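Please look over the model below with me. My notes follow as numbered points, from one chain to the place where two chains meet.

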Amino acid sequence: MNSELASIIKDIRDDLGDDFLATDFISMDGMSVAGEKAIENFNSDIVSAHFTMVMKLATKVSKNMDLGNVNENLVSTDTSLVFSRFLGDGSVYWLLATNKDATLGIVRTLMDEYELRIWGALPH
Amino acid sequence: MKGQLQDMAVADIIQHNCQDRKTARVSIKNSGQKAQLFFKNGNVVHATSDGLEGEQVIFHVMHWETGSFDLKSDVEPPAFTITRSWTSLLLEGARLLDEADSGDEVDKYISTLLSGSNKNGKAVSSPHLTTRLHQTINAPVESRVTVNGEAPGDRSTEELLVDLADQTEGFITAAVATLKGDKYYVHSTWDLDVTPLINQVNQFVKMVNVAVEKLGQGELEDNLLTTEEAFVLVRFLKKSDYYLMITVDKKQANLGSLRMLSRSYAEWLGKALDHQSKDKEQV
């Protein structure tokens, strides 16, 4: 992981505090480019592979219904929120998992603030 | 520009003006209350409402879900009472709203809203506002949603989908389907090729289920897909193989309202489907 990405992830963790569970920047082939977790049982390889399939199928559904490009997918479970947001040209997406206690609006605003910085720091 | 808060939330209005680096005045009305927000080169710099001014007004109006707004460009602010960045302002407003939603924090929230001082430095108090906020924030989710003014009763799945369409701002499509794709009900304002669409949505929902399982962080409650044009919300019906999918126009939709409606209708649709299957068994 390059130092800028490491620095961004640290900033994100600091901003989210105890609400942070895990984050990964994942290319659309299902491989994680960089990431970090605060929970033991988070398997980045497996999660990246499966959420990439979610994003690909989401894109198909949106295309079928003529709803435009996919911006973001948000999964809510009884204990967590999982945001998946396309970055830059859509070849990479950002997965961010937080506690359910996290405020949805705040996380989204935080993602708005960081997404360009992340895209700029990713290797192209 | 004029509009309704149901179509564009206060937070969205602030974001829109700031990102467009506008100098403007936005007048907002809500149930007899009025507020004015002033923007200068893409920052919120001043706000007033019934004797209040500054940040408190922003936190106050962020709670307004209904009413109207009127934007006039190139109006200079008469004063500068807000120095915080607009992103920080929205974050703090969202945090206060979130705390208020936890119930125990209602009093804290209201006192925060009302703790501002007016121009003369006197504490501002509004019993009417306090009562209204208490009533709104403490109301159970279901009581904030009405179905044509009456309880859902014994309505069929089809009737409930039509009701849902009537209740949902920017409604496009609602579908109730099994993951197998063998049974589904669809109500849509668009001409859709339903069978292939349901098959594709089924694949998507199945994969969300698998991904959540692999994630190991709780049971799936709902999935919200945001595209350029729409929100697509999927929620499983309780004790049922069915899920509910609602698609709405992003420009017209109110996301908070959509999620509340989906919770209520998922419950009612689950009951309706349960009744229908029991009726079939009896036949």
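Predicted model: local features only at pLDDT ≥ 70, side-chain atom pairs only at ≥ 80, totals over all residues.

1. Next, the make-up of the chain. Chain B holds eight helices and eleven strands. It has 283 residues, and 34% of these count as buried.

2. Now find the open sheet in chain B. Six strands build it, in the order S1-S6-S2-S3-S4-S5, and their pairing is antiparallel. Strand S1 (2–4) and strand S5 (52–53) of chain B are the edge strands, since each pairs on one side only. As background, strands of a sheet pair through backbone hydrogen bonds, either parallel or antiparallel.

3. S1(B) pairs with strand S6 (residues 68–73) of chain B over three bridges, in the antiparallel sense. Which residue of S6(B) is the bridge partner of Lys2(B)? The partner is Asp70(B).

4. Move on to the two chains together. Here 35 residues of chain B are in contact with 36 residues of chain A. On the chain B side, helix H3 (86–101), helix H7 (194–215), strand S9 (220–227) and strand S10 (230–236) each supply at least two residues. The largest share, twelve residues, comes from H7(B). By class, the side of chain B that touches chain A has 17 nonpolar, ten polar and eight charged residues.

5. Strand S3 (residues 70–77) of chain A and S9(B) are joined by seven bridges in the antiparallel sense. Within this region, Leu74(A) stands opposite Leu224(B) of S9(B).

6. Finally, a helix pair. The axes of helix H2 (residues 44–64) of chain A and H7(B) come within 9 Å and cross at roughly 160°. Angles over 145 degrees count as roughly antiparallel, so H2(A) and H7(B) are roughly antiparallel to each other. Their crossing is left-handed. Residues making the contact include Phe51(A), Val54(A) and Leu57(A) of H2(A), and Phe204(B), Met207(B) and Val208(B) of H7(B). By class, the contact of H2(A) with H7(B) has 16 nonpolar, four polar and two charged residues.

Conventions. Residues numbered from 1 in each chain as written. Chains lettered and ligands numbered in written order. Contact = placed C-beta atoms within 7 Å. Helix = DSSP H or I, 4+ residues; strand = E, 2+ residues; numbered from the N terminus. Nonpolar A, V, L, I, M, F, W, Y, C, P; charged D, E, K, R; others polar. Pairing = 2+ DSSP bridges. Buried ≥ 20, exposed ≤ 12 C-beta atoms within 10 Å, placed from the backbone. Axes fitted to C-alpha atoms, helices over the stretch in contact; angles between N-to-C directions. Parallel < 35°, antiparallel > 145°, perpendicular 65-115°, else oblique. Left-handed = near helix turned anticlockwise from the far one by under 90°.
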